[in-house]
Amino acid sequence: RPHRISLIEGVSACPHSWSDTGVLTLEGADDIWILRLLGDSVPERFFETPDREEAPELSPDGQWLAYASDKSGRYEIYVAEYPGPGRHSQISLGGGRGALWARDGSELFYRQDDGMWAVRPPQGPDEQFSEPELLFRGRFLRNPGQIPNYDVAPDGRFLMLQRDSIPREIRIVKGWVHAFAVRGGRGLGATSPSAASPPSPEGN
């Protein structure tokens, strides 16, 4: 059945990601909010800073929260321990957008310019996130915002949006009405075989 979510007074919040642990992340008022659907359904601010935090992505196991922040002067990808309090680690170098977890939580992906990068979460309390690893580059469509415009299948294959290869130019097509009628067999200007003009009476 539908689950009613309480509104945040004075804040326009947008749902972003869903965790298998029953937690919904939202962004609003330049901050990150958490909604536990098994609780009282009242969103709570995860943390509050003077910077802009966007696109919160919870790991499948609910232990890490990835997000984008402009605290360095440009958007980078950060990861915080969830539910906190705990460390906040910057994982991207030189900018990052569109963070997305692998289905099994073994990697965190993000985009930087035309490259797709990945880091691996720590396996123990004294370990750190791995150094960013470039997976591939390509002229794929870029999202101007922080929401990922790509997806990753359980087997690790990437679904990317290819840029339009058609030249950006204006083309004028003459006689398109007749061509459309001929192809469709009906429509404006189309005639049925029975209504077609009879052949010329040659030889009479």
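These entries record what I looked up in one predicted protein model, entry by entry.

**Conventions.** I number residues from 1 along each chain as its sequence is written, and since the model is predicted, local features need pLDDT of at least 70 and side-chain atom pairs count only at pLDDT 80 or more, while totals for chains, interfaces and linings use all residues. Side-chain values use heavy atoms, with hydrogens and water left out.

**Overall make-up.** I began with the secondary structure of the chain, which comes to 1 helix and 14 strands; helices (H or I, at least four residues) and strands (E, at least two) are DSSP runs numbered from the N terminus. Of the 204 residues in the chain, 38% are buried, where buried means under 20% relative accessible area, exposed over 50%, and partly exposed in between, with a 1.4 Å probe and protein chains only. The accessible surface comes to about 13600 Å², and 52% of it belongs to carbon and sulfur atoms; the areas come from the Shrake-Rupley method with a 1.4 Å probe, and for residues only the protein chains shown count as cover. I then looked at contacts (heavy atoms within 4.5 Å), and among those between residues at least 6 apart in sequence, 33% join residues at least 24 apart.

**Nonpolar cores.** I take a nonpolar core as a set of buried Ala, Val, Leu, Ile, Met, Phe, Trp, Tyr and Cys residues joined through side-chain atoms within 4.5 Å. The largest such core has 13 residues, and those with the most contacts inside it are Ile 77, Val 79, Ile 91, Leu 108 and Phe 129. Two or more of its residues come from each of β6 (64-69), β7 (76-81), β9 (97-101), β10 (108-112) and β11 (115-119), with β6 giving the largest share, 3 residues. A second, separate core has 11 residues, including Val 23, Ile 32, Phe 46 and Phe 47.

**Tyr 82 and Pro 83.** I found a cis peptide bond joining Tyr 82 and Pro 83, with omega about 10°, and I noted it because most peptide bonds are trans. Tyr 82 lies in the loop between β7 and β8 (88-90), and Pro 83 lies in that loop between β7 and β8 as well. Is Tyr 82 buried or exposed? Its relative accessible area is 13%, so Tyr 82 counts as buried. Leaving aside neighbours within four places in sequence, Tyr 82 is in contact with Val 23, Ile 34, Arg 36, Phe 46, Leu 58, Gly 62, Gln 63, Trp 64 and Leu 65. I also checked Tyr 82 against Ser 59, and the two are 23 residues apart in sequence and 9.2 Å apart in space, C-alpha to C-alpha.

**Ser 89.** In strand β8 I looked up Ser 89, which counts as buried at 17% relative accessibility. With neighbours within four places in sequence left aside, the contacts of Ser 89 are Ile 77, Tyr 78 and Val 79.

**Positive phi.** I searched for these because most residues other than glycine have a negative phi. Asp 30 has a positive phi of about 65°; Asp 30 lies in the loop between β2 (23-28) and β3 (31-36) and is partly exposed, with a relative accessible area of 37%. Asp 113 has a phi near 55°, also a positive value; Asp 113 sits in the loop between β10 and β11 and counts as partly exposed at 47% relative accessibility.

**Cavity.** I use a 1 Å grid over the protein atoms alone, on which a cavity is a set of points where a 1.4 Å probe fits but cannot get out, a pocket is an open set with protein on both sides within 12 Å along at least five of seven lines, and lining residues have an atom within 4 Å of a point. Grid points are joined across faces, edges and corners, and a volume is the space filled by probe spheres set on the points. The search of the whole structure finds 1 cavity of 30 Å³ or more, and the largest cavity has a volume of about 40 Å³. Asp 113 is one of its lining residues, together with Arg 97, Arg 111, Gln 112, Arg 142, Asn 143 and Asn 149.

**Pocket.** The largest pocket has a volume of about 210 Å³ and is lined by 14 residues, of which Trp 18, Glu 57, Pro 60, Trp 101 and Arg 103 lie nearest its centre.
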